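Student: Could you take me through this structure one feature at a time, giving the general idea before the particular case?

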Amino acid sequence: MSEQRTNELLKKFDDWNKDVIKELLPGWCRNVAKNLEISLRSSDFTQEHAKKKHCIVVASGPSLSDEDILSLKGYTGDIIVCNKTFKRFIELEVAPDWCVLLDSNAISEEQFYFLKEHAWVPTKFLISTTAFPSTVKIISEYSTGHQNQFYMFNPTVGLDGNMDVATVWKWMNGCHEMSHGGNVGTMAFMFARDLGYEVIGLLG
């Protein structure tokens, strides 16, 4: 592929990404405002660092089977899952070390509603301040009393100009910024990289 064609495709992708962000931005800003009180009480994820060399990042792929999840029972590294797979892990009694949530819509609430009746599990939750407020409330209440289990961040939002809207959110809630990469699976991988794991495996 020629350099000119590559640059054209990159520009097309960048324009599309900005259009999507502009469409989502009103809802994101509403969610940030509604999550403000909770996010002010959340822990600082930048203080966390990998204590093990290996981790597995589990995305929400439809090919992920129960056998795949159960095979991680003896895994000695850390397990980082996305919100859509968290309930399956807990039901199969495989507690992830981290669960990552980016979704800003109501579909995420039903993925975590079961926590209202579930015994505590030692999973840490990394949650976007743009996430759906009712979902954030459920996880926050579940995590209450367990120090350093609940972390929130502001997703970076690139729209050009001198001021990134995520910086304004940071002024509001004090949470650090983090790139989401366009979807929760990419975000989970980037988070694992930032924590400092030497080896990052992918599943699902």
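**Reading the model**

Tutor: The chain has 8 helices and 7 strands, where helices (H or I, at least four residues) and strands (E, at least two) are DSSP runs numbered from the N terminus. This is a predicted model, in which local features need pLDDT of at least 70 and side-chain atom pairs count only at pLDDT 80 or more, while totals for chains, interfaces and linings use all residues. Residues are numbered from 1 along each chain as its sequence is written, and side-chain values use heavy atoms, with hydrogens and water left out.

Student: What share of the 204 residues counts as buried?

Tutor: Buried means under 20% relative accessible area, exposed means over 50%, and partly exposed lies in between, with a 1.4 Å probe and protein chains only. By that rule, 44% of the 204 residues of the chain count as buried. As for contacts, which are heavy atoms within 4.5 Å, residues 24 or more positions apart account for 66% of those in the chain with a separation of 6 or more.

Student: How many residues of helix α6 are buried, and which are they?

Tutor: An α-helix has 3.6 residues a turn, so residues three or four places apart point the same way. Helix α6, residues 133–143, is mostly covered, with 8 of its 11 residues buried; these are Pro 133, Thr 135, Val 136, Ile 138, Ile 139, Ser 140, Tyr 142 and Ser 143. Just after α6, Gly 145 takes a positive phi of about 95 degrees.

Student: Which residue has a positive phi although it is not a glycine?

Tutor: Most residues other than glycine have a negative phi, and most peptide bonds are trans. Glu 93, although not a glycine, has a positive phi of about 60 degrees, and it lies in the loop between α4 (83–91) and β3 (98–101). With a relative accessibility of 65%, Glu 93 counts as exposed.

Student: Is a loop residue such as Asn 35 buried or exposed?

Tutor: Asn 35 is found in the loop between α1 (3–34) and α2 (36–40), and it is buried, with a relative accessible area of 1%. Not counting residues up to four places away in sequence, Asn 35 touches Thr 129, Thr 130, Ala 131, Pro 133, Val 136 and Met 152.

Student: What surrounds Phe 89?

Tutor: Phe 89 lies in helix α4 and counts as buried, at 0% relative accessibility. Leaving aside neighbours within four places in sequence, Phe 89 is in contact with Val 58, Ile 69, Leu 72, Ile 79, Val 81, Val 94 and Pro 96.

Student: How many aromatic pairs are found in the whole structure?

Tutor: A pair of aromatic rings is described by the distance of the centres and the angle of the planes. Rings of Phe, Tyr and Trp (its six-membered ring) pair if their centres lie within 6.5 Å, and planes under 30 degrees apart count as stacked, over 60 as edge-to-face and the rest as tilted. A search of the whole structure finds 9 such pairs. In one of them, the rings of Phe 86 and Phe 112 have their centres 5.7 Å apart and their planes at 25 degrees, so the pair is stacked. Because Phe 86 lies in helix α4 and Phe 112 in helix α5 (residues 107–112), this pair ties together parts that are 26 residues apart in sequence. Phe 86 is buried at 0% relative accessibility, and Phe 112 is buried with a relative accessible area of 0%.

Student: How are the rings of Trp 98 and Phe 191 arranged?

Tutor: Trp 98 and Phe 191 form an edge-to-face pair, at 4.9 Å centre to centre with 75 degrees between the planes. This pair links distant parts of the chain, with Trp 98 in strand β3 and Phe 191 in helix α8 (residues 184–195), 93 residues apart. Both Trp 98 and Phe 191 are buried, and together with Phe 45, Tyr 151 and Phe 153 they form one aromatic cluster.

Student: How many disulfides does the structure hold?

Tutor: A disulfide is a covalent bond between the sulfur atoms of two cysteines; here the criterion is a pair of cysteine sulfur atoms within 2.5 Å. The structure holds 0 disulfides. Cys 99 is in none, and the nearest cysteine sulfur, that of Cys 82, is 7.8 Å away. Cys 99 is buried, with a relative accessible area of 1%, whereas Cys 29 is partly exposed, at 30%.
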